[in-house]
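Here is a short briefing to read beside the model. Points are grouped by topic.

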Amino acid sequence: MNKADIIDILEEIVVLLELKGDNPFKIRAYATGARVLETMEEDLGAIIDAGELGSVKGIGSALVDKIETLYTTGELEYYTDLRDSIAPGLIEMLEIPGLGGKKVKKIYDALGVESIDALRAACEAGEVAAIKGFGKKSEDKILSGIANREAYAKRHHWWTARAVAEPILEGLRSLPEVECAEAAGSLRRLRETVGDLDFIAASSDAQPIMDWFVTQVGVVEVTAHGQTKSSVRFEGGLQADLRVVPADQFPFALHHFTGSKDHNVAMRQRALAKGYSLSEWGLKEVRSEELKDGSEVEIQGHGITSEKQLFEFFGLEEIAPELREGLAEIEAAESGKLPSLIEPSDIRGVFHNHTTASDGRATIEEMAAAAEALGFDYLGLADHSKASFQANGLSDERVLKMVDAIRAFNESGESSVHIFSGIECDILPDGSLDLEDSTLEALDYAVMSVHSSFSQSEQEMTARVIRAIEHPATMMLGHPTGRILLRREPYKIDLQKIIDAAIANRVIIEINANPHRLDMDWRLWRGAAERGLMCAINPDAHNTQSLEFYLAGVNIARKGWLVPEAVLNTRDCAGVAQWFAERR
Ligand code: DGT
Ligand code: CA
Ligand code: CA
Ligand code: ZN
């Protein structure tokens, strides 16, 4: 097991021990151990191999064994036993925003509630507000957390859904009976969250495909097993439908089940205006004389073998699935005005990533190597600033040291990737910045983000962020609504005013490409870019693997109709350096 996963388990042990009300010294030992591992620069494997883990400061004797066991076997009986010793309902409660181990324990001790349903009932009866240390406000927060959790439980992050869909799709395509197969629906439209998966396959022999589908690894329930349609549920709750159609229907079925519903409605209207009824099976001419005498009109494919031909049949350019949201894409396709969307290969580097200097898990060297492996020309490192103390944010002094370290790295010639030195500087509650102007000036660029006082009024929050945007050192605005998809609602903010201020001050707004954020939302990008807003795709990576999130960011940029020119990451290293320099 790698270091990052070991840290996750140690941190989970902390929460579980808190929940049990275990000895505070023991709890602190695990918390300290996790933090020490996080900031450890040496290779964990090398230390373990040398038998030196026990002499690392902050790693107590009880932890040495456990970390070594996790490292070598990937498992830890102590941890699984601990988890099993706690009622599953209590562990579920930890998923409610704002409820950690200590609070869940307080509630349990006071009221004996052991499930989310019981917790909701207790909140509704005002019993939680009466517990010492809680109040009406935290009770309301728990209630809305439960409500959101239920609404959210039905959907899944795109990134997770794709990981489930990919092996199924590959498997389908490799079956001898399958001519072609595609994942349709919201997954194909690159929506930020996915309700269920919709697979379409072309074949004249559906039964073996159905039988294969319902016996896949990860299927925990088969909800339908028909001749041409089956439905299953995977571990983790995601459901999937598979439909098998004859090859000549495939483009029509694929188009129909890709949706969106609004897009389909608009396409059908267009078809009707041209004398056809369009469905998932094909096209039917609408001839009034035949309809009158009651004779059947045949459904035909009109020689259409691809979605491209289907669009062409109706005088349209091919519309990329991610644009099919019923937002005037058909009008644009009719007049040849669809954008040449940005593609993953346009991305030359990314900004806003973290290192071990704050709460990231990889060093400058490791991040640069990972960026190089992705084929990037440059990498922006933007660790947290000091107000984000829980993330080990950097003081002015530490920022300047980091600038030196990055300069030394660049001069060492160790990597073909150029590092831009940045910061993710906190926007304080009054809109002032967390670092001195002189510190900010020493950097190549600065991303400004809100990480505190989320409950300000819309007016306060909007004024706060605009004040930060107007600061001359601000080059990018980070995750402008703070939303965590399926978990935390955006804070209240007037984004149209923010967009206007960003354009007026030549500030870039990021697409935070973490699959749990995807903030700013794709729905706003088309209009904003038309008005001149520049975008940066920022994975907000806290480890080397997460640099890959840039792909989720490109998805959102495409959904937002963005062309390469609107995105800073498509410029080469010199172009980016020039953009930063001109902004000074
Ligand atoms: P999801 O699963 O909630 O993330 O979203 P979708 O878009 O995947 O929706 P889903 O799975 O219910 O249906 C897949 C597609 O099938 C949908 O995007 C459009 C098409 N479709 C489903 N129901 C209807 C309908 O009642 N009318 C029309 N025109 N199309 C439909
Ligand atoms: Ca779906
Ligand atoms: Ca579906
Ligand atoms: Zn942030």
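**Briefing on selected sites**

Pro339 sits in the loop that runs between helix 17 (329-334) and strand 11 (349-350). The model is a predicted one.

**Pro339**

- Setting aside neighbours within four places in sequence, Pro339 is in contact with Leu323, Trp561 and Val563.
- Pro339 and Ala130 are 209 residues apart in sequence. Their C-alpha atoms are 57 Å apart in space.

**Gly431**

- Gly431 is in the loop between strand 13 and helix 20 (437-441).
- Its relative accessible area is 2%, so Gly431 is buried.
- Beyond residues up to four places away in sequence, Gly431 touches Arg464, Arg467 and Ala468.
- Gly431 and Arg35 are 396 residues apart along the chain, and 30 Å separates their C-alpha atoms.

**Ala442**

- Ala442 belongs to the loop between helix 20 and strand 14.
- Ala442 is partly exposed, because its relative accessible area is 32%.
- Not counting residues up to four places away in sequence, Ala442 touches Leu400 and Val403.
- The C-alpha atoms of Ala442 and Ser421 are separated by 8.9 Å. These two residues are 21 residues apart along the chain.

**Cis peptide bonds**

- Gly259 and Ser260 are joined by a cis peptide bond, with omega about -5°.
- Ser260 is placed in the loop between helix 13 (250-258) and helix 14 (261-273).
- Asp519 and Met520 are also joined by a cis peptide bond. Here omega is about 20°.
- Met520 lies in the loop between strand 16 (508-512) and helix 23 (522-530).

- Leu518 is not a glycine, yet its phi is positive, near 45°.
- Leu518 is found in the loop between strand 16 and helix 23.
- Leu518 counts as buried, because its relative accessibility is 4%.
- Ser453 is not a glycine either, and has a positive phi of about 45°.
- Ser453 is in the loop between strand 14 and helix 21.
- With a relative accessible area of 35%, Ser453 is partly exposed.

- Glu424 and His451 link distant parts of the chain, 27 residues apart. Glu424 is in strand 13 (residues 418-426). His451 is in the loop between strand 14 (447-449) and helix 21 (458-470).
- Glu424 counts as buried, because its relative accessibility is 1%.

**Calcium site**

- Which residue bridges the calcium ion (ligand 3) and the calcium ion (ligand 2)? Asp196 does, and the two ions lie 3.7 Å apart.
- Is Asp196 buried or partly exposed? Asp196 counts as partly exposed, because its relative accessibility is 27%.
- Asp198 is buried, with a relative accessible area of 12%.

**Helix 1 against helix 4**

- Two packed helices are described by the angle between their axes and the distance between the axes.
- Helix 1 (residues 3-20) packs with helix 4 (residues 61-73) at an angle of about 135°. Their axes are 10 Å apart.
- The two helices are therefore oblique to each other.
- Helix 1 and helix 4 make a right-handed crossing.
- Helix 1 contributes Ile6, Ile9 and Leu10 to the contact. Helix 4 contributes Leu63, Ile67, Leu70 and Tyr71.
- The residues of this contact divide into seven nonpolar, no polar and no charged.

Terms used:
Residues numbered from 1 in each chain as written. Chains lettered and ligands numbered in written order. Predicted model: local features only at pLDDT ≥ 70, side-chain atom pairs only at ≥ 80, totals over all residues. Heavy atoms only, no water. Axes fitted to C-alpha atoms, helices over the stretch in contact; angles between N-to-C directions. Helix = DSSP H or I, 4+ residues; strand = E, 2+ residues; numbered from the N terminus. Parallel < 35°, antiparallel > 145°, perpendicular 65-115°, else oblique. Left-handed = near helix turned anticlockwise from the far one by under 90°. Contact = heavy atoms within 4.5 Å. Nonpolar A, V, L, I, M, F, W, Y, C, P; charged D, E, K, R; others polar. Buried < 20%, exposed > 50% of the residue type's maximum accessible area, 1.4 Å probe, protein only. Donors = N, O, S within 2.8 Å, 3.2 Å for Na, K, Ca; no water.
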